[in-house]
Amino acid sequence: MVKVNWVLALLIYVLASPAYGSGVLTEQRVKDLLGAVRVSVDRRDVDGIINNFTKDAWLAFDMPAEMGGRRAMTVSEYRQILTQTFALTQSYEYEVTELTIIVSKDGRRALVTDTITERLAVPGHIIQTRTEETIEVVSTPQGARISRLFGQLRRLRSL
């Protein structure tokens, strides 16, 4: 009986550990999360985008001083900005390049860096931006979620 309890305890420990649990992040799971964000952006689905963030996620964007400089925000504030942006734009498209994903050894966190090139059409203007992003992805009971996002606007031009 003692041997059975020991084996059962070991099995529970192994299955619950980050290396074997279903919530472990892998590079593919992070790519799947980023793909889900992409699909939601393409659909202009604000709720779909926001569902890929933890409820307590922190976002910050460094922009030129004339655009307000650094702006830190909650997910709720980000939702408002996305809603306004999609309402004002006639078209919105973006491209992700220079994607790098580093998953922690325990599979609980991943660091993503990328460059986003956005092209927005607003009445009378086409605006193109280039932003370098650093994203922290965490494993949650709901799956991979973005917990931190920092974007640094590197280029803004009107076409």
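**Exercise 1. How many bridges join β4 to β5, and in which direction do the two strands run?**

Solution. The model is predicted, so local features need pLDDT of at least 70 and side-chain atom pairs count only at pLDDT 80 or more, while totals for chains, interfaces and linings use all residues. Residues are numbered from 1 along each chain as its sequence is written, and side-chain values use heavy atoms, with hydrogens and water left out.

Step 1. Strands (E, at least two residues) and helices (H or I, at least four) are DSSP runs, numbered from the N terminus. Two strands pair if DSSP finds at least two bridges between them.

Step 2. β4 and β5 run antiparallel and are joined by 14 bridges. Within this pairing, Arg-119 has Gln-128 of β5 as its bridge partner.

Step 3. The two strands form a hairpin with 2 residues between them, and Gly-124 in the turn has a positive phi of about 85 degrees.

**Exercise 2. Describe how β5 is joined to β6.**

Solution. Step 1. β5 and β6 run antiparallel, with 14 bridges between them.

Step 2. They form a hairpin with 2 residues between them. The bridge partner of Thr-140 is Gly-143, in β6.

Step 3. Ser-147 is also found in β6. Its relative accessibility is 6%, so Ser-147 counts as buried; the term means under 20% relative accessible area, against over 50% for exposed and partly exposed in between (1.4 Å probe, protein chains only).

Step 4. The side chains of Ser-147 and Glu-136 are joined by a polar contact of 2.6 Å. Such a contact is a pair of N or O atoms within 3.5 Å; within protein, one must be able to donate a hydrogen and the other to accept it, and residues adjacent in sequence count only if both atoms are side-chain atoms.

**Exercise 3. Identify the largest nonpolar core and the elements that contribute to it.**

Solution. Step 1. A nonpolar core is a set of buried Ala, Val, Leu, Ile, Met, Phe, Trp, Tyr and Cys residues joined through side-chain atoms within 4.5 Å. The largest one here has 30 residues, and Phe-53, Leu-59, Tyr-78 and Val-137 have the most contacts inside it.

Step 2. Elements giving two or more residues to this core include α2 (27–43), α4 (75–88), β1 (53–62) and β5 (125–140). The largest share, 5 residues, comes from α2.

Step 3. Not counting residues up to four places away in sequence, Tyr-78 touches Ile-49, Ile-50, Phe-53, Leu-59, Phe-61 and Met-73. Contact means heavy atoms within 4.5 Å.

**Exercise 4. Classify the ring pairs Phe-61 with Tyr-78 and Phe-86 with Tyr-92.**

Solution. Step 1. Rings of Phe, Tyr and Trp (its six-membered ring) pair if their centres lie within 6.5 Å; planes under 30 degrees apart count as stacked, over 60 as edge-to-face and the rest as tilted. The whole structure has 4 aromatic pairs.

Step 2. Phe-61 and Tyr-78 are 6.0 Å apart centre to centre with 25 degrees between the planes, a stacked pair. The pair links strand β1, which holds Phe-61, to helix α4, which holds Tyr-78, across 17 residues. Phe-61 is buried at 17% relative accessible area, and Tyr-78 counts as buried at 15%.

Step 3. The ring centres of Phe-86 and Tyr-92 lie 5.7 Å apart with planes at 75 degrees, so this pair is edge-to-face. Both Phe-86 and Tyr-92 are buried.

Step 4. Phe-53, Phe-61 and Tyr-78 form one aromatic cluster.
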